[in-house]
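Here are my notes on the model you sent. Please read them with the structure open.

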Amino acid sequence: MKRLHVLQISHGYSGPFVKVCNQYACAFAGHRITTVFLKGEARLDVVEAVGGDEVRFLEQDKRTLRGIKLQSILRMARILRESPIDIVVAHRYKSIYIAGVLGRFFTAPIIIGVAHEHGVFRRFSRKLLLILGQKNILLAGVSDSVVQDIAGDCPSLGQQHRLYALPNAIDVKQEQSLLNRTRARQQLGLADKEFVVGSIGRLVSKKNYEVLIQAFAELHEPQARLLLIGDGPRRKALQSLAETLGIQDRVVFAGHHENAQRLVKALDIFVLSSGNEEAFGIVLLEAMLGKVPVISSNAPGPSEVLAGTGVQFESGDSNDLSAKMEHLINQPENERQRLGEAGYQRVLANYSYKKFSEALWQLPGLNQLVESTDVAMAGHDPD
């Protein structure tokens, strides 16, 4: 069996991308994996969390990643010259663009571009990269809704069998590291008897936390508390909103916590308030793995993940979210446990690393590369 060299390129390691890169590194276990982050300073904890054989940090800034990204392209070209590459996995558009440009000068049998958001190829200039680019670029959307979105913008990809769904996954072994309810609440300074509704994630516009705070203010449950674990540019605005609504004493802004998913059992109900911008929602998998009942918007990405194992509200509608929270709070505890167990079983059945690896290796050409003894080798300068 041929041992492949897989080059993984990611825009950065913020948000879920350390876990996403680890997911791909594990799926290619037994092969040589080099991961390159375009943005972000070098960090040992990131290296350890990503895994694989080598992790590099280009430490590019926003300026060098704009436009044609020449500096990033040249630095990646040096890496490609060092060793033949069999497969390139490129996360998000900037990485896909760089891989596509370099693919014209260096032979990589397969380039897998992973689209993590909707609307990635809506711009005409981005469509050209795929339509006029080399035919060895496969596109993988992290949900069916992302795939449908790309198919609408670039219909030729489907016709050429170059577009696939490749959902994100979670390492189910993480369950062993989750703190139990009591320990998680102790770490967060919460009383064990409090009923806690909350969410985990960056405090950014995409998460629609304004909707969650407004919905919580409308609850007729004065003993309930709202917990937001995470930090970000919207923190002050969200705190101001809580004060305006008169619920600042019932909303806990817990700030950033390393490995925040370990605290998920502190919640009685997990809420994902993100709307259509949320293409998948790895944080949903983390809540479901912790057997925490979930309320989510009915946006296509989260709906696909839940598949009826949670409660859903009309995206952006705080009144509907409030009603769904109130309903679930007043359900018997065994009903909430039933929902939590249903979500847990769905994760095990559909979103484990094993399931992801099986789906990845079904992409056309991968197994043929492993079996081939005469693969076109990358890293040769066209001159």
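1. Which residue in strand 5 does Ala-90 stand opposite? Ala-90 faces Gly-113. Strand 4 (residues 87–91) and strand 5 (residues 110–115) run parallel, joined by five bridges. Strands here are DSSP E runs of at least two residues, helices are H or I runs of at least four, and both are numbered from the N terminus.

2. Some ground rules. This is a predicted model, in which local features need pLDDT of at least 70, side-chain atom pairs count only at pLDDT 80 or more, and totals for chains, interfaces and linings use all residues. Residues are numbered from 1 along each chain as its sequence is written, and side-chain values use heavy atoms, leaving out hydrogens and water.

3. The sheet is open, with seven strands in the order 3-2-1-4-5-6-7 and parallel pairing (two strands pair if DSSP finds at least two bridges between them). Strand 3 (54–60) and strand 7 (163–165) are at the edges, each with a single partner strand, so one side of each has no neighbour in the sheet. From one strand to the next, the twist averages 20°.

4. Helix 3 (residues 70–82) lies across strand 1 (5–10), strand 2 (32–39) and strand 3. Helix 3 runs at about 160° to strand 3. Angles run from 0 to 180 degrees between N-to-C directions, with axes fitted to C-alpha atoms, for helices over the stretch in contact.

5. Val-211, Leu-212, Gln-214, Ala-215 and Phe-216 in helix 9 meet Ser-318, Leu-321, Ser-322 and Met-325 in helix 13 (contact means heavy atoms within 4.5 Å).
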